[in-house]
Structures are given as C-alpha cells and as structure tokens.
Number of protein chains: 2
Amino acid sequence: MKREARAAVPLDEFGIIRRFFRPLAGEGALDLNDDAAHLTVPPGFDLVVTADTIASGVHFLPEDPPESVACKALRVNLSDLAAKGAEAIGYVLSIALSQEIDGGWLGAFAQGLRADQDAFGISLLGGDTISVRHAPVISITALGRVPSGDMVRRSGGAPGDALYVTGAIGGATAGLAVATSEPGAWEGLAGLVRERLLRRYRVPEPRIGLAPVLRAHASAAMDVSDGLVGDCDKLAEASGVSAVIEADLVPIEPGLAALAEDDAMLARLITGGDDYEILAAVPSESEEAFRAAAEGAGIAVTRIGRLVAGRGAAKVRRSGKPLALGRRSYAHGAGRGSSHG
Amino acid sequence: MKREARAAVPLDEFGIIRRFFRPLAGEGALDLNDDAAHLTVPPGFDLVVTADTIASGVHFLPEDPPESVACKALRVNLSDLAAKGAEAIGYVLSIALSQEIDGGWLGAFAQGLRADQDAFGISLLGGDTISVRHAPVISITALGRVPSGDMVRRSGGAPGDALYVTGAIGGATAGLAVATSEPGAWEGLAGLVRERLLRRYRVPEPRIGLAPVLRAHASAAMDVSDGLVGDCDKLAEASGVSAVIEADLVPIEPGLAALAEDDAMLARLITGGDDYEILAAVPSESEEAFRAAAEGAGIAVTRIGRLVAGRGAAKVRRSGKPLALGRRSYAHGAGRGSSHG
C-alpha cells in the first residue's frame, strides 16, 4: 500500500464520521447524526447478536490493506451469524484509532466496508470513534434475524450425529505464515497459491448461504475461528458429548495437500485459526437432505467425523491411528482472545 | 486501589470468560457459551441500538477503580438509550485487555457490571475478549426498546421549543480536574465536595426515568456527553434551527456555584464533557406536562433556553450579554472521539 501517496485528511471527530462513515449509514441509522439507531425486527423473528473485535498486530497485520482489515472485521461477525442460521441485518462499528491511522487508511477502510455492505446486503447502524495512543482496535457488533426459536446453537448435537465442515481448512494458517514470511515449507509454494492463501487469511468468506440449510437440517453448529479441533471440542462440550475427527477426511486448502501429508503440518492446519468455515452436527437421518441443500446453496460440505457418547476432547485420528497434536486451538496474539457470546 | 493485595488469577481466555463474565450472562446469552445471543423484541416495539467505547487514559484514568470503569462504560450507553426514550434490554461487551490488567482488576470490573445490571434490570448478552499490548479499550453496544415509531430523535425540535436539561452541569469537568490534581480554584473545594465531583466524573447517573417523559412530551432530545453548549449546537443543527442558552439558568453542580460566578469558569463548565445529563426540546404547549411528569419521575429538569429560527451555533448569554466561550465542546484525550449513531 502506498500510504504516503494519499492526500492528508484532517482527522477531527466530525470529519471522520461525516467523510468516512456517514455514507455507510443505513435506514434507521439517522445518518449517524443521532445517539442511537432504531430498527424493526419483523414479527415471527428473533434478533441474533454477535460481536467480534480485531486488533492490529493480533488479528491483522499493520501492513494489511485497510480494505481487507475492514472486510475481516465485518466478515468474522457475518460468519458467526451464518453459523447460527441467522441472516444479517446490520452492524455497529466501534473503532479506536491510533496516530498512525490517516485519512488515506480510513478512506480505504470505508471502501472495504462499502463493498461488503453491498455484497451482503447490510448497512452501518451506528457506533463510536475514539482515539487511542497505540494500535487500532476495531469492534463490530452484528445484528441478524432468525425465525423465532430457530437459532442454531452449539448445544444441540447428539451421539451419532455426523460432523460436517464447509469449504477448506488451513488456508488462513498458511496465509499468516506467508504474510509474516515464516521460514519453512511455505517458501516452496507457487506464487499464485501464496496469493490465495494470503487472501484466505485477510478476507474470510462467511458461509452465509448455509444459514437456512443449518436451520433446516443441523442439530448444532458454530463457526470455526480458533482451530477446527478445538472448536469441535467446544461444540461437543456444549452438546454434552465427545467427538471423533478423521483427519484424513478434513478438506485441506487446495495447494496445501502435499504439505499436509506430514503429520505435524496436518496437525498445525487443523488447529490453526481464522478459517471462518462452519462446523455442523447433522443427525444421520438428515444427512442426505443437508448435503443436497448445501449443494443447492453452492457451498461445499465435507463429512469429517461424528459426535459420540461420553465427554472430553475429540479424538483425532489419521489412518485409524491417533494424530499427535501440539495444541487444539489457535490463540491469537498474546493468547487471550476469545469470543464469548 | 490495592491491586497488589489481590490474588493472582491466570488470565487465559476461557478462564476470563468463565470466571468473570459468564455469571453476568442473561436469558438468551446461552451462558456466553455460543457464537451469538438471541432475544425477542416484543411486537409493537422497535429495537434501539447505541454504542460507546471508553479507553484508559482517554475516558477514564488508569488509577480509577475498576468498578467505576465498568459502571461508566455501561452507563454512558444507558444514558444514550434514555435520551432516545428507550428502555434498556441488555448489552454486548467487547474488551481489549492489556498486560497491566490482572484478575483482581477484572474481578472488580465484573462486580461493577453486576451491581449495575441489578440496578438497571439488564444483562450481558455476549461479546468478545481480546488481548492488546497497550491501554485497555472497552466497547459496549447497548440494546433497548421503544414503542414502535416513538424513538426520540435529535431532529424533532422547532423554533420556540423550550430547552431543558436534567440534573446539574459541570460536576464531571470539576471531577476530572480534581482527579488529575489540576491546580487552581478546585483546590479550595471542601473534601466532601471533591469526593462528590470525583464520583460525577467516574460514575454518571443515566436519567433512565426520563425515557417515558421524553416520549410523551419532548420534540427532540440527546444526552449531554461532550459539553452542554456543543451538544445543544448538535441538537439544533439536526432540527434545522438555532438556539439561545441563558447561561444564568444552567443548573450548575452543587458546590461549584461560587466558582461559576467567574465567566471563564462558567464557560468551562458548560462546555466540559461527561455530564451525561439529558438535553430536551419541549414545545411550549407541553412544558407544564413535561415538568410535572419529570417531577413525578423524580428527575430535576431546568429550562435553560430555547430553540430559535435560523441556523448556526447557539447564542450563549449571561445577564443578557454574550458569554465568551473558548470552546463549545470537550474533546476527550487526543480529541478525536465521538459517538456516531
């Protein structure tokens, strides 16, 4: 990014809001010119609320393009809504800006939000802009709606339910390694593969099309943000069961298959963060309908294991033998980050 | 605060959530054990959404008691909801923790939230906890409800409407001066006065009882967070009018009346931040009913001026003459903070 080349923009509070955020405001947001926004949840629907915060140097890199930072901040929330079977309505943006953030950065950040608002049919409802001395922190609270009582939870799984995951796993882990020029196997990857991996890290693809499929056919679901294995543990724990994951079945990001033949690398990929795929438990009698509906929605789903009676961490096997895992989840930055609701 | 004396608590992500935040979770928050919360907005009500972020060293002082930091983070949002005529439902907490935050701090912070949840009849819906390297940042998005179409806006005022303010102005400005040991007139204040001023800065009193009064009788309203004069400018601008403020009429915080005889001090108090009172425009035919209803709700309201035809900044007079103002609004910290929706 050629940040130096951008025109300097004075960053007073009203200038920021008027210039960058007001154009993003949707119906009920009153042009961000009031203390609050209002909206109507249609009769027969519940409101679904989720929040995710990302910080520079923790969830994104200071040199990441501002457009992709905006997309990531928004999409990690849209991923949560999709996993709950909810359709997004809008979002609230709270942003703590630091001195290094200039008008050029903000303009590009707002462009990223605009593009995703258009792509996902949502709008900005409001928020807050403050100044801090250090790395920027971006908090988004997203609102969605779901037919009353139909929110898909983590806790509905039962022994025997099949475990499915969308898309592919490990691309973001590899993308972060590429972005940080981590030495090792990544260095041998082709340029186009590296580019796609970078994008997987920077710009998740929320599986919003799966929301109605989950409502219709899943017993439990969550988004995979902190590592497939650890997130599977969480779903199983919330459902009062355990799980078995067949690591051979996990759909690994295209381009990484050769690397993943190594056990340690496979373990790293299935415990790495930022996949933003959806993990779903599906009762056996619903599997066929689930797969057909997912295909109809254009979303690849792969059966990777099942829930089993008992408690405790999921068993992870490769070729029928336990796969050694150094960790089960990915801890962002200093390792204290976790979404809690 | 005797932080050293507190027991050390390991600060892993799940420990924080389980120990400090899960006990605060309300209905629909699924024990903060899911990706999202769900709630039902009753038929006939609109959802009202507001967000405010506070940062250490900007909106609160690093040495402020954690309980009061929690109360301030929550109450600045409740103040917004009240000003919109809305009743609070619950809140989403996104907190970026820094290394200096230990288990003792978090425990006291959670106690502050608990006390206010009980006081205001709300609960935690969800959120996110992340780790950052520097000063903590606390973002709260609060949800409220209002009878459909009844949200009180900034934009409903008309020429001739009387301007009322709740409570008293300037206490938080003086409290910040006391907290930071600013030299000057504050030093002569009695100990009990200084204590009350400190509390005014640290723990705002959201005027939640005024919400139904505003819905019934106000043409426009907002909460006063960035300075009475500048906030009055904003309400007038949103309403397409101007305003006149009689500074003699502004209810000054008890204990500061003598200081406020000085024009410069009065100007400072009515342009200082963190009052979290409510400014309301009331049509003349509704004034009597508004005052009676406010009295019935136990909330002092004082007429301080009126809206007038025209555009531009409010005229501020004292004893019939223009009062010199060095600023119109208070800029927190580096001066880039502003709520925008």
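A: Start at a helix end. In this predicted model, Asp102(A) caps the N-terminal end of H3(A). A side-chain oxygen of Asp102(A) sits 3.2 Å from the backbone nitrogen of Gly104(A).

Q: What follows just after H3(A), at Gly121(A)?

A: Gly121(A) adopts a positive phi of about 65°.

Q: Which residues of H3(A) are buried?

A: First the general idea. An α-helix has 3.6 residues a turn, so residues three or four places apart point the same way. Now the case here. The buried residues of H3(A) include Trp105(A), Leu106(A), Phe109(A), Leu113(A), Asp116(A), Gln117(A) and Phe120(A). Gly103(A), Gly104(A), Ala108(A), Ala110(A) and Gly112(A) are also buried.

Q: How do H2(A) and H3(A) cross?

A: Two packed helices are described by the angle between their axes and the distance between the axes. For H2(A) and H3(A), the axes come within 7 Å and cross at roughly 40°. That makes H2(A) oblique to H3(A). The crossing is right-handed.

Q: Which residues in H2(A) and H3(A) meet?

A: From H2(A), the set is Pro66(A), Glu67(A), Val69(A), Ala70(A), Cys71(A), Leu74(A), Arg75(A) and Leu78(A). They meet H3(A) residues, among them Trp105(A), Phe109(A), Leu113(A), Asp116(A) and Phe120(A).

Q: How do H2(B) and H3(B) cross in chain B?

A: The axes of H2(B) and H3(B) come within 7 Å and cross at roughly 40°. These two helices are therefore oblique to each other. H2(B) passes H3(B) in a right-handed crossing. Residues that meet there include Leu74(B) and Arg75(B) in H2(B), and Asp116(B) and Phe120(B) in H3(B).

Q: Back to Arg75(A): buried or exposed?

A: Arg75(A) is in H2(A), residues 66-83. Its relative accessibility is 7%, so Arg75(A) counts as buried; the cut-off is under 20%.

Q: What does the side chain of Arg75(A) make a polar contact with?

A: The side chain of Asp116(A), at 2.7 Å. Beyond its neighbours within four places in sequence, Arg75(A) is also in contact with Phe120(A), Val203(A), Pro204(A), Glu205(A) and Pro206(A).

Q: What is phi at Leu32(A)?

A: Most residues other than glycine have a negative phi, and most peptide bonds are trans. Leu32(A) is not a glycine, yet its phi is positive, about 55°. Leu32(A) lies in the loop between H1 and E1 (37-39) of chain A. With a relative accessible area of 4%, Leu32(A) is buried.

Q: Where is Ser319(A), and what is its phi?

A: Ser319(A) is in the loop between E11 (315-318) and E12 (321-322) of chain A. Its phi is near 50°, a positive value in a residue other than glycine. Ser319(A) is exposed, with a relative accessible area of 58%.

Q: Which residues does Arg215(A) touch?

A: Arg215(A) lies in H6(A), residues 211-217, and counts as partly exposed at 24% relative accessibility. Not counting residues up to four places away in sequence, Arg215(A) touches Gly85(A), Glu87(A), Val146(A), Pro147(A), Asp150(A) and Val152(A).

Technical notes:
Residues numbered from 1 in each chain as written. Chains lettered and ligands numbered in written order. Predicted model: local features only at pLDDT ≥ 70, side-chain atom pairs only at ≥ 80, totals over all residues. Heavy atoms only, no water. Helix = DSSP H or I, 4+ residues; strand = E, 2+ residues; numbered from the N terminus. Buried < 20%, exposed > 50% of the residue type's maximum accessible area, 1.4 Å probe, protein only. Polar contact = N/O pair within 3.5 Å; in protein donor to acceptor, adjacent residues only side chain to side chain. Contact = heavy atoms within 4.5 Å. Axes fitted to C-alpha atoms, helices over the stretch in contact; angles between N-to-C directions. Parallel < 35°, antiparallel > 145°, perpendicular 65-115°, else oblique. Left-handed = near helix turned anticlockwise from the far one by under 90°.
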